Structures are given as C-alpha cells and as structure tokens.
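Hi,

Here is the structure I promised to pass on to you. Have a look at it first, and then read my notes below.

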Amino acid sequence: NIDGFRLDRGFQIFLTAYPEARAVLDYDELNLHSFRPGAMVRLNGKFRLLSDPLRRPQDVFSTLFSGVGTLRDKLKVAMMRRTQDGSMSTGPETSIMEKLQTTWGFSAGMIDSFFKPFLGGITLDENLGTSSRFFDFVMGMFTKGKASFPAGGMQAIPEQMAAKLPAESIILKARVTAINGSHEVILEDGRRFEGSHVVLATGMTDALALDPGATERTWNGTTCHYFAADAAPFNEPVLLLNGEPGRSSGSINSIVVPSNVAPGYAPKGQHL
C-alpha cells in the first residue's frame, strides 16, 4: 500500500471457477469485482473489441467485425468454449501452440494478435510452448467463471486463508535449510516440523538446493509497472492486449486499470 494505492506483486487476476478456491474461500467476504469478458486488442494502431457474445450479446457485431482474426476464428472460439470444462486432458500432450494450430486450426493472425499476448501473459511464454493440458484447464476456468479482483487486492486471499488457521501454525521469516525425506522440514535455527506432506513452493534455485533431485526448469521473467493517474486512459474494466505484429519481447504485453475493476486499488479521485 503506497499513498493509498494498492499494488499487487505483479499483475494477477483471480478466476472464480478454480475448484479448490470454491471449496476453501468465502467469495462474499472477498467482495469480488469482475472484469468485462474479453479484451481490447491493439492492432494496426487501433483498439479492437474481442468480447464474449455468449455473456455480452450486445458485443456480437463489434467482435465479429473487429479485425482480430477471421470470422472462422470467431466461430472456432465459440466451439472451443463449449468443449472446455476445465478438466486436465488425459489425451496426448502437446504444446499450446500446436493445439491452437493443429487441433483447432486457428489462423496465424488470430494466434499472433490474440492468443500470444493473452496466453503469453498467463504463462510468461509468448512462444506458447506450455503444455496443452494447462491450456485446457485455464480456458475452462475462463469459460466457467469470471476474472476478478478482490476488493482488498490479491493479498486478501492469503489473509482469509490465514485467518482460518491457528495463529501458531504460520511461521514467517524462517529459513528452511533442509528437507528430510518427504515429511520433515528443518529450519535454520534447528527446529523441525513433520507433516503428512511437504510442499516445496519456491524459486528454482532454492528448490534445487533443498531437493537435488528436483527437475531443473528455466525461468520466465516479467516486469510490472504501476502508474498513478488523475484520469484513467480508458474507463472500462477490461484487459488491453498488444496484438501489434512485430512486437518485441521487450514491448508492453498488456495494460489494465485495476481501479476501473475494483475502486479500492486507488484513492478517491485517482486511478491506478
């Protein structure tokens, strides 16, 4: 919290369809504020609406004639939405790119101007080499639920989880020096904790130090910039995507005004 602005650590959204979240979180208490379905895509110098006509029928003509992809692409998106239930596919595993190209047959223009910035913003991999099974899951979550912000920012989610646990069960600022088997954690000060499972949720460098048998993976990096503004550059609670051809890896991928979605992200009379 800086001068009344609420800054999440990086751009994050909460998908209400996450099955585990539905089971453990109180959505009413989180006071969720939803994005407008779809996105505004910047292409050839103009912002073009790519909406979800099933949720916003009034946007059907704007979406069909947006210039993002072809009419056939739009029909394929509608067909894809009907088949995505959020389950992890057990069929052959490919990459997201191959699934978009081969399984669904989307045009190169649709992939470059929409799927690369949209899914690349989620996976931090604009080449879309991530597993097709993750694609099936996350697209199902977008189809079944809403993209949203808690009124108190994303931090409200772990705060709500922590409030339901005994105070002594959460230990902060304690360095783990070793993991003994799959059930014991050893801290720097010598304390030991046992459990039915150990979940190793760290960066790859620390993971390899604690578990030499872990599979080493490469990093995908991203940078998030925040700006305080007296006036928002646009007024809709919508995601803006950079669909311009020839964009470089260092260019802006997406823009959002969190205070358009949840007013608590900025002081009264200002925008984030």
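To follow the first finding, you need to know what a patch is: patches are made of residues with over 30% relative accessible area and no salt bridge, where like charges are joined within 9 Å and nonpolar side chains (Val, Leu, Ile, Met, Phe, Trp, Tyr) within 5 Å. A salt bridge is a side-chain nitrogen of Lys or Arg within 4 Å of a carboxyl oxygen of Asp or Glu. Accessible areas come from the Shrake-Rupley method with a 1.4 Å probe, and for residues only the protein chains shown count as cover.

Please keep in mind that this is a predicted model, where local features need pLDDT of at least 70 and side-chain atom pairs count only at pLDDT 80 or more, while totals for chains, interfaces and linings use all residues. Residues are numbered from 1 along each chain as its sequence is written, and side-chain values use heavy atoms, leaving out hydrogens and water.

Now the patch: L165, I170 and L172 make a nonpolar surface patch of about 300 Å². L172 counts as exposed because its relative accessibility is 68% (exposed is over 50%, buried under 20%, partly exposed in between, with a 1.4 Å probe and protein chains only).

Next, P245 is exposed too, with a relative accessible area of 58%. P245 touches L43 and N44, not counting residues up to four places away in sequence (contact means heavy atoms within 4.5 Å). P245 and N44 are 201 residues apart in sequence, but their C-alpha atoms are 7.9 Å apart in space.

Finally, R36 is buried, at 14% relative accessible area.

Best wishes
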